[in-house]
Amino acid sequence: QVQLVESGGGVVQPGGSLRLSCAASRIRFSVTTMAWYRQTPGKQRELAAVITSGGLTNYADSVKGRFTISRDNAENRLYLQMNSLKSEDTAVYYCNAGGGSGFWGQGTQVTVSS
């Protein structure tokens, strides 16, 4: 069974940075499109950033220029570097493999607050 385990969440002040990591196992990671989604209470889960097997990336307008998605195919790891964090970035962040009908991690909480 595919496993996706997120880490790196926490509490940070506005303007700060965090780096999320997702460890993937039992998956052909190097050929799989990977993504980070986020969700706040009462709202639908939304795509934050996506990276294809070839390294092409795309970002939600709300995070463009502040977040960077990357992958290490040798280590089967996905990353999300988040800079210049804002209070509206507060959410549970989920690692995803293979799109909406694919596989999900358990999520990691990111709280941006002074």
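## The β7–β8 hairpin

β7 and β8 form a hairpin, with four residues between the two strands. In the turn sits N76, whose phi is positive, at about 55°. Strands here are DSSP runs of E, at least two residues in length, numbered from the N terminus. This is a predicted model, so local features need pLDDT of at least 70 and side-chain atom pairs count only at pLDDT 80 or more, while totals for chains, interfaces and linings use all residues. Residues are numbered from 1 along each chain as its sequence is written, and side-chain values use heavy atoms, with hydrogens and water left out.

Which strands make up the open sheet? There are four, in the order β1-β3-β8-β7, with antiparallel pairing. (Two strands pair if DSSP finds at least two bridges between them.) At the edges are β1 (3–7) and β7, each pairing on one side only. From one strand to the next, the twist averages 15°; the axes behind such angles are lines fitted to C-alpha atoms, and angles run from 0 to 180 degrees between N-to-C directions.

β8 also pairs with β3, again antiparallel and over six bridges. Here, L18 has M82 in β8 as its bridge partner.

## The nonpolar core

The largest nonpolar core has 28 residues. Such a core is a set of buried Ala, Val, Leu, Ile, Met, Phe, Trp, Tyr and Cys residues joined through side-chain atoms within 4.5 Å. Buried means under 20% relative accessible area, using a 1.4 Å probe and protein chains only.

Who touches the most other members? That would be W36, L78, L80, M82 and Y93. Several strands each supply at least two residues of this core, among them β3 (18–25), β7 (67–72) and β8 (77–82).

## R38, a buried arginine

Now take R38, in strand β4. Why does R38 count as buried? Because its relative accessibility is 6%.

One, of 3.2 Å, is with the side chain of S62, and another, of 3.0 Å, is with the side chain of Y93.

How values were computed: Buried < 20%, exposed > 50% of the residue type's maximum accessible area, 1.4 Å probe, protein only. Polar contact = N/O pair within 3.5 Å; in protein donor to acceptor, adjacent residues only side chain to side chain.
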